[in-house]
Amino acid sequence: MAIRAALGDAKIPKVTVVESIGKAGADEYELELSDDPKDCVSLPIQDFPVIITFTKLGDNHIVDATVDEELCMSCRVSIAVNKKGICLIQKDFGSLSLVSLKQIIAASRKVGVTILSQMDHLIWEFKEQKIKN
């Protein structure tokens, strides 16, 4: 989540490709960076996912388990969610029933959408605050 927030705040300098003719008459290309610190673009993070890790303890699923909880887990699944839905499922450890997988997928959609909405709101507020200062 911190990476997504940092990328949302990142500014990339404007780059222009300039074509010129080299010594041998061949086309050459150079990159020019703008010297103006305000002449930059933001990364489009709206489709960047968040990754939610579920740990199975008995019949329960825990989001972002502690180290002690992980010592007792029977399975761990990480699911990447963006605004369009689930874009990755990775099972790291253990076995999982189809029923448990369906529960985890449903929970990841709910948790993922909530996290993305809250993060986008905080990033937007942070950018607005930076503009005012």
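Here is a short briefing on its salt bridges and its cysteines.

This is a predicted model, where local features need pLDDT of at least 70 and side-chain atom pairs count only at pLDDT 80 or more, while totals for chains, interfaces and linings use all residues. Residues are numbered from 1 along each chain as its sequence is written, and side-chain values use heavy atoms, with hydrogens and water left out.

**Salt bridges**

- A salt bridge is a side-chain nitrogen of Lys or Arg within 4 Å of a carboxyl oxygen of Asp or Glu, and the count here is four.
- One of them joins R76 and E70, whose closest N and O atoms are 3.6 Å apart.
- R76 also meets D92, at 3.0 Å from N to O; this pair links strand β7, which holds R76, with strand β8, which holds D92, 16 residues apart.
- Strands here are DSSP runs (E, at least two residues), numbered from the N terminus.
- Together, E70, R76 and D92 are linked in a network of salt bridges.
- D47 and K84 form another salt bridge, at 3.9 Å from N to O; D47 lies in the loop between β4 (40-42) and β5 (50-57), and K84 in the loop between β7 (75-82) and β8 (85-94).

**Exposure**

- Buried means under 20% relative accessible area, exposed over 50%, and partly exposed in between (1.4 Å probe, protein chains only).
- K84 is exposed at 71%, while D47 is partly exposed at 38%.
- D92 is partly exposed at 35%, and E70 is partly exposed at 29%.

**Cysteines**

- A disulfide is a pair of cysteine sulfur atoms within 2.5 Å, and the whole structure has zero.
- The sulfur of C75 is 15 Å from the closest cysteine sulfur, in C72, so it is too far for a bond.
- C75 is buried at 0%, whereas C40 is partly exposed at 27%.

Notes:
Helix = DSSP H or I, 4+ residues; strand = E, 2+ residues; numbered from the N terminus.
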